[in-house]
Amino acid sequence: MKTVLTGLQQSQTCLTTIKNGLQNASNQLASANIKEQLAQVQQLADGSQRLADASGQFNTGLSQYIAGTNRLANGICQLQVGINPFASGINQVTSASQKLNQSVTEANQQIQQLSSLMNSHSTGSYFAMASQLNQGTSQLAGALTTINQQVPTLSQGINQLTNGSSELTHTGNQLKTAGNQLASGGQQLNGGINQVNGGVQQLNHQLQATASQVSQMETGLNQAVSGLDKVQNGISEVQSYLSELKNSPAGNQLNIPQNELSNGNLVTSYNIYMNKNRQLTQLSEVLKADPNSHTAAKTVKQLEKDVKAQIKATSLSKAKVAIGGQTSQNLDLETLSQGDFTRTAMIMIIGIGIALLFFTRSVLQPMVIIATLVGTYYTAINLTDLIAQHFFHERMLTWNAPFFTFIMLVALGVDYSIFLMMRYRDEELVDPGNQVKHILQAATVIGTVVMSAIIILSGTFAALIPSGIMTLIQVAIAVILGLMILVTVLPIIMSAYVKLTYDSRVNRGIGIKNNTK
């Protein structure tokens, strides 16, 4: 019920946001002045149509211009064709005038010779004729000289006219090419303007058709805002009802209508999760963590506690809850092994304590020895766990490795402790009074035997490491480490115990001197 109420509150917030958005949209549509904008679009459409008409007229004038440039280019070609014969004639006239001038010069020379001849005969009529002839040839020669002087100028003008005609022809061809390109561009421009005009006209038509739909949309938005107000009012009533229901006894139960109990889908779910007599229910839970990890074990333990706590307040308070699966099996095995280990450890410690009381005839010595053995076990097993994680990539020890390790280390450690203390008692019986000396002698004598035994046992247990069985590997490593710790720590602790529990004067040999006296 709390989740439902939270969801309804979130729905109210979302509906308020939606309603505000719709109201803003309605207000923006109302203030948009669609009619004025449509009038502007109509002006755009009219201007686009006028532009299209002007583009057509421009293309018509451009066609006339291109026709004129074509005629001009053809006239220039004809002019160049006419200039070429004229220039050729001028060249011929120049050549002929030069020849005529040469002939007149020769004739003038002959006339002068004839005049000289006539002067020698002193004939009056002939002399007058010769003078006239000589004068006429002189005039003719002068005229020919004048003509010859003007002919180069005329020839140069003709050449300039020819060159200008060629340039004019080239310019005409360029003008003709540019006119063709301009005609092509004008056609493309006319086509683009027509496409723009068509698009603007279509946009205008669509906007004119959309105007009525915008009005309908504005009306619909206002209706939607009104409808959301009603929905929010309904949700508020539902929230009020559910808030009261949550605080009532009915809020702690899940009620299913009678007609839904025989629903086919519900019966199918019964068959999946329940047995035939509907007295046993099985639910599957998939964990994110590895089923063999500590995280999965903690999750299963917490899940079991939560389920049992939750059903206490329901009609299933007397039902039995059981959790299965790989993780649950590991937990059961862990519980079983820990129970067996605890009982075995207690039995061994009690039995060893009684035996040590008998051999050492002391209360503190068995306690010190047992504490040393237990500390050695925990140190060795933790070191083995670290080695297994870093070298064998095992996240935890096998369930029976601690059990066997404890038995082996305690059994071997008790043996070494008994050997050490019995040797100490023998030294004390032979020469009583100097306990420090006696414990040092006992440790020296027993140390050789213990060191030899540890070397042999370490080699024996090391032979189990290549077996590939993780339990044997872990037990072998733990026992070897424990034996190394025992052979180092046990003599030190027992020597310190003897030093601290006896009179210092006796330890220094004072007691021996007094007894001698």
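Is T376 buried or exposed? T376 is buried, with a relative accessible area of 3%; buried means under 20% relative accessible area, exposed over 50%, and partly exposed in between, with a 1.4 Å probe and protein chains only. The residue lies in helix α8. Helices here are DSSP runs (H or I, at least four residues), numbered from the N terminus. Leaving aside neighbours within four places in sequence, T376 is in contact with G482, I485 and L486. Contact means heavy atoms within 4.5 Å.

The model is predicted: local features need pLDDT of at least 70, side-chain atom pairs count only at pLDDT 80 or more, and totals for chains, interfaces and linings use all residues. Residues are numbered from 1 along each chain as its sequence is written, and side-chain values use heavy atoms, with hydrogens and water left out.

T405 counts as buried because its relative accessibility is 0%. Its contacts, not counting residues up to four places away in sequence, are Y377, I381, V475 and A478.

Helix α9 also packs with α7. Two packed helices are described by the angle between their axes and the distance between the axes. The axes of α7 and α9 come within 11 Å and cross at roughly 5°. Axes are lines fitted to C-alpha atoms, for helices over the stretch in contact, and angles run from 0 to 180 degrees between N-to-C directions. α7 and α9 are therefore roughly parallel to each other. Angles under 35 degrees count as roughly parallel, over 145 as roughly antiparallel, 65 to 115 as roughly perpendicular and the rest as oblique. On the α7 side, the contact includes D340, F341, M348 and F359. On the α9 side, P402, F406, V410 and R425 are among the residues that take part. By class, this contact has 16 nonpolar, two polar and two charged residues. Ala, Val, Leu, Ile, Met, Phe, Trp, Tyr, Cys and Pro count as nonpolar, Asp, Glu, Lys and Arg as charged, and the others, Gly among them, as polar.

Pockets were located next. On a 1 Å grid over the protein atoms alone, a pocket is an open set of points where a 1.4 Å probe fits, with protein on both sides within 12 Å along at least five of seven lines; lining residues have an atom within 4 Å of a point. Grid points are joined across faces, edges and corners, and a volume is the space filled by probe spheres set on the points.

The largest pocket has a volume of about 1,700 Å³. It is lined by 36 residues, and T281, Q282, L283, V307 and L316 are the closest to its centre. Helices α5 (264-273), α6 (294-311) and α7 (326-360) each supply at least two lining residues. The lining has 19 nonpolar, 14 polar and three charged residues.

The second largest pocket holds about 980 Å³ of space. Of its 31 lining residues, E334, M396, L397, T398 and W399 lie nearest the centre. Two or more residues each come from α6, α7, α8 (364-391) and α9 (401-430). The largest share, nine residues, comes from α7. By class, this lining has 14 nonpolar, eleven polar and six charged residues.

Most residues other than glycine have a negative phi. In R278, phi is positive, near 60°. R278 lies in the loop between α5 and α6 and is partly exposed, at 31% relative accessible area. H393 has a positive phi near 55°. This residue sits in the loop between α8 and α9. At 66% relative accessibility, H393 counts as exposed.
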